[in-house]
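Here is a short report for a reader new to this structure. Take a look at the sequence and the model, then read on.

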Amino acid sequence: MAKYLSSITPEVRAESLGKFFHAFQRGYAYYYATPGYAPKAEALNAEDRNLRALARRGISASRLPEAVKAGVIAELAPLIEELSAGIEGKPVNERKFKDLNRQVEPERFPGVFEAFQRWLDDSGIQGMCSAYAGARLKIGSLFLQKNDAETSRLHYGEISEEGLPTVPASYMHIDSAIWPTVKILIYLNEIDIDTGPFRFSVGTHVLPSLLEFMVRKTNDGLKLPPAEFLALPEEFRQHALFGDFIDAADPLAVDLLAREWAVQSSDGDVICFDNNGVHRGGFVRQGHRLMLQMNFAVA
């Protein structure tokens with residue numbers, strides 16, 4: 001980043017501050033138009049074990065009924081084939097994150113949405129997520145994702161036997177979404193330490209401050225050029241995607257790695273988590289990881 005320092009002029013500083021504060025104010029206004037930061041106090045002491053775990057740890061794991069999973073996989077077979085063919089048909093060195101995902105469109109796969117809605121209702125998970133967020137939620141969007149070993153090595157180097165990339169804290173991040181921040185991941189194949197489990201640093205969903213929360217999310221949305229980012233005051237030079245910029249010996253990295261839970265199929269194939277918590281995943285050493293990401297919206 002040092003090579004950009006000579007490009008920072010008073011004009012660049014003024015430009016970057018103008019962009020930053022405009023986006024920051026917009027995000028702040030949106031935050032205060034929502035029920036606000038989760039978890040809610042009642043969730044912390046809830047009788048429901050999964051809700052209590054989600055509130056206190058920032059994550060909970062449970063299981064999808066086998067019949068529901070089998071039905072979803074069968075209906076999504078054409079999309080799984082399209083996604084796999086698209087990945088394999090692109091040279092490894094050209095594969096981007098967007099190439100690993102396909103949106104599950106409700107018009108094309110209505111049975112998938114119906115099956116998930118029945119499961120969410122019957123299992124109480126939708127009610128749990130709504131209680132956590134402080135508002136009644138519904139399925140907002142659904143994405144299919146496939147991670148493989150070749151692409152993992154391209155982006156993260158050789159994956160260790162512990163399932164970690166060459167830079168141990170690489171890809172640690174929080175999401176840019178301001179609210180609702182509760183999400184669900186669903187494994188569609190068996191996931192162990194070699195096939196890129198989702199990783200979550202337990203307890204990090206309790207943010208240091210609302211200011212840091214908004215600064216990181218503002219920068220993630222803005223994606224300022226390096227010179228403009230460096231032109232911001234030091235307290236505003238924080239980003240949602242930060243793992244690649246901290247050394248493994250840094251006390252922050254040591255703490256986050258010590259807290260990290262790599263969720264395998266033996267722990268559960270349904271992961272509810274607060275995306276304000278530090279998380280990452282998809283470091284595949286062998287085989288592949290196939291999963292769905294469910295995002296919520298206000299009902």
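A nonpolar core is a set of buried Ala, Val, Leu, Ile, Met, Phe, Trp, Tyr and Cys residues joined through side-chain atoms within 4.5 Å. Buried means under 20% relative accessible area, exposed means over 50%, and partly exposed lies in between (1.4 Å probe, protein chains only). The model is predicted: local features need pLDDT of at least 70, side-chain atom pairs count only at pLDDT 80 or more, and totals for chains, interfaces and linings use all residues. Residues are numbered from 1 along each chain as its sequence is written, and side-chain values use heavy atoms, with hydrogens and water left out.

## The cores

The largest nonpolar core has 56 residues. Phe-116, Ile-184, Ile-186, Leu-292 and Met-294 have the most contacts inside it. Helix H6 (residues 110-123) gives the most to this core, with six residues.

Helices (H or I, at least four residues) and strands (E, at least two) are DSSP runs, numbered from the N terminus. Contact means heavy atoms within 4.5 Å.

What does Ile-186 touch, leaving aside its neighbours within four places in sequence? Ile-186 is in contact with Leu-64, Phe-116, Trp-119, Asp-269 and Val-270, and also with Leu-290, Met-291, Leu-292 and Met-294.

Two strands pair if DSSP finds at least two bridges between them. Six strands form an open sheet in the order S1-S7-S4-S9-S3-S2, and the pairing is antiparallel. Strand S1 (59-62) and S2 stand at the edges. Each has a single partner strand, so one side of each is left without a neighbour in the sheet. From one strand to the next, the twist averages 20°.

Helix H3 (residues 49-57) packs on the sheet. H3 touches S1, S4 and strand S7 (270-274), and its direction makes about 145° with that of S1. Axes are lines fitted to C-alpha atoms, for helices over the stretch in contact, and angles run from 0 to 180 degrees between N-to-C directions.

| Strands | Bridges | Opposite residues |
|---|---|---|
| S3 (residues 137-148) and S9 | Eleven | Asp-148 and His-288 |
| S4 (residues 182-187) and S9 | Five | Leu-185 and Gln-293 |

Are S9 and S3 mostly covered or mostly open? Strand S9 (residues 288-298) is mostly covered, with eight of its eleven residues buried. In S3, nine of the twelve residues are buried, so S3 is largely enclosed by the rest of the structure.

## The three-stranded sheet

Another open sheet has three strands, in the order S6-S5-S8, with antiparallel pairing. Strand S6 (260-263) and strand S8 (279-280) are the edge strands, and each pairs on one side only. Four bridges link strand S5 (residues 198-201) to S6 in the antiparallel sense. Phe-198 stands opposite Val-263 in S6. Helix H11 (residues 251-259) packs on this sheet and touches S5, S6 and S8. The direction of H11 makes about 40° with that of S6.

## Helices

Two packed helices are described by the angle between their axes and the distance between the axes. The axes of helix H4 (residues 66-75) and helix H5 (residues 77-88) come within 4 Å and cross at roughly 60°. That makes H4 oblique to H5. Angles under 35 degrees count as roughly parallel, over 145 as roughly antiparallel, 65 to 115 as roughly perpendicular, and the rest as oblique. Ile-73, Ala-74 and Glu-75 in H4 meet Ala-77, Pro-78 and Ile-80 in H5.

Helix H7 (residues 125-133) is largely enclosed by the rest of the structure, because seven of its nine residues are buried. Among them are Met-128, Cys-129 and Tyr-132. Just after H7, Gly-134 takes a positive phi of about 90°.

## Cysteines

How many disulfides are there? A disulfide is a pair of cysteine sulfur atoms within 2.5 Å. By this rule the count is zero. For Cys-129, the closest cysteine sulfur is in Cys-272, 4.5 Å away, which is too far for a bond. Cys-129 is buried, with a relative accessible area of 0%. Cys-272 also counts as buried, at 1% relative accessibility.
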